[in-house]
Amino acid sequence: MIGIGHAIRHKQAHVRKISRSQRLECQLDLLIEITNAVHGDHFTPIGECPKCRHTPAPIVIMRGFLDNSYDTTTVCPNCGDRFQAYLIARGDFSSTRVQFWCPQQVLHWLGQEKRSDRTPDELMVENISVVRSALLHFGTLENAFRKIGNIYVHQIDDWKAKVQPFLGRASDRVIGECVGVTEHVIRTWRRKLRITGYSKQNEAIRIGG
Ligand SMILES: [Zn+2]
């Protein structure tokens, strides 16, 4: 039986997930690029419907998740079948594929067995699917743990060098979320470097041209 407390938390997580995914609609490709640059790999969401062979875009995969702690499937927009999506990192000689979990299940897993006491590397060894999924959904493990009321502080080494190429290309808030600092910190730093901030108008001009 689901308690009232759980139901409320569940609803809040749902609301937050929607607002973040809406914000990311036009920046998801960049977000994936930033996450990979920060964590030194090349993961991208991928999925193929086993029934009709449709391959939904990453944003469609993310929209198709259920808010269910025990179900990591997404939905095929073509035929309505549910299936497991993956995060795949293609290398020159081999590729790594891990399950892409929904935000709700990521938070459920992180919230068990005092996992906030472990280092990012320990969590990665224990469940790489959760860690990689968490980074795409929440930016950092710190943000993910905060959603479930846990304080988790593990600074990302050398984060400025990793995200500097993205200043002005992505919003200050998205960049900040990927490295666990506030939008204000990114904005101040970007202005010091005299880089124009990201705006949807700039993006439209670039796409139009
Ligand atoms: Zn299908």
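**A chat about packing and loops**

Guide: Let's start with Arg-190, which is buried, with a relative accessible area of 7%. Keep in mind that this is a predicted model.

Visitor: Where does Arg-190 lie?

Guide: Arg-190 is part of helix α10.

Visitor: And which residues does Arg-190 touch?

Guide: Not counting residues up to four places away in sequence, Arg-190 touches Leu-167, Gly-168, Asp-172, Ile-195, Thr-196 and Gly-197. Asp-172 is also one of the buried residues of α9.

Visitor: OK, α9 then. How many of its residues are buried?

Guide: Seven of the eight, so helix α9, residues 172-179, is mostly covered. The buried ones are Asp-172, Val-174, Ile-175, Gly-176, Glu-177, Cys-178 and Val-179.

Visitor: What follows α9?

Guide: Gly-180 does, and its phi is positive, near 75 degrees.

Visitor: At what angle do α2 and α9 pack?

Guide: The angle is about 35 degrees, and the axes are 10 Å apart. The crossing of α2 past α9 is right-handed. On the α2 side the contact uses Leu-31, Ile-34, Thr-35, Val-38 and His-39, and on the α9 side Val-174, Ile-175, Cys-178 and Val-179.

Visitor: How many of those are nonpolar, polar or charged?

Guide: The contact of α2 with α9 has seven nonpolar residues, two polar and no charged.

Visitor: Now the core. How many residues does the largest nonpolar core have?

Guide: That core has 31 residues, and among those with the most contacts inside it are Ile-34, Trp-159, Ile-175 and Val-179. At least two residues each come from α2 (28-39), α3 (58-63), β4 (86-90), α8 (159-163), α9 and α10 (183-192).

Visitor: Which element gives the most?

Guide: α2 does, with six residues.

Visitor: What is Trp-159 in contact with?

Guide: Leaving aside neighbours within four places in sequence, Trp-159 is in contact with Val-179, Val-181, Val-185, Ile-186 and Trp-189. There is also a second, separate core of 15 residues, including Val-106, Val-131, Leu-141 and Ala-144.

Visitor: Val-106, which helix is that in?

Guide: Val-106 is in α4, where Pro-103, Val-106, Leu-107, Trp-109 and Leu-110 meet Val-130, Ser-133, Ala-134, His-137 and Phe-138 of α6. Eight residues of the contact of α4 with α6 are nonpolar, two are polar and no residue is charged.

Visitor: How are α4 and α6 arranged?

Guide: The axes of α4 (residues 103-110) and α6 (residues 128-138) come within 10 Å and cross at roughly 125 degrees. The two helices are therefore oblique to each other, and their crossing is left-handed.

Visitor: What about Thr-55, where does that lie?

Guide: Thr-55 lies in the loop between β1 (43-46) and α3. Leaving aside neighbours within four places in sequence, Thr-55 is in contact with Gly-47 and Glu-48. Thr-55 and Pro-77 are 22 residues apart in sequence and 9.4 Å apart in space, C-alpha to C-alpha.

Conventions:
Residues are numbered from 1 along each chain as its sequence is written. This is a predicted model: local features need pLDDT of at least 70, side-chain atom pairs count only at pLDDT 80 or more; totals for chains, interfaces and linings use all residues. Side-chain values use heavy atoms; hydrogens and water are left out. Buried means under 20% relative accessible area, exposed over 50%, partly exposed in between (1.4 Å probe, protein chains only). Helices (H or I, at least four residues) and strands (E, at least two) are DSSP runs, numbered from the N terminus. Axes are lines fitted to C-alpha atoms, for helices over the stretch in contact, and angles run from 0 to 180 degrees between N-to-C directions. Angles under 35 degrees count as roughly parallel, over 145 as roughly antiparallel, 65 to 115 as roughly perpendicular and the rest as oblique. A crossing is left-handed if the near helix is turned anticlockwise from the far one by less than a right angle, and right-handed if clockwise. Contact means heavy atoms within 4.5 Å. Ala, Val, Leu, Ile, Met, Phe, Trp, Tyr, Cys and Pro count as nonpolar, Asp, Glu, Lys and Arg as charged, and the others, Gly among them, as polar. A nonpolar core is a set of buried Ala, Val, Leu, Ile, Met, Phe, Trp, Tyr and Cys residues joined through side-chain atoms within 4.5 Å.
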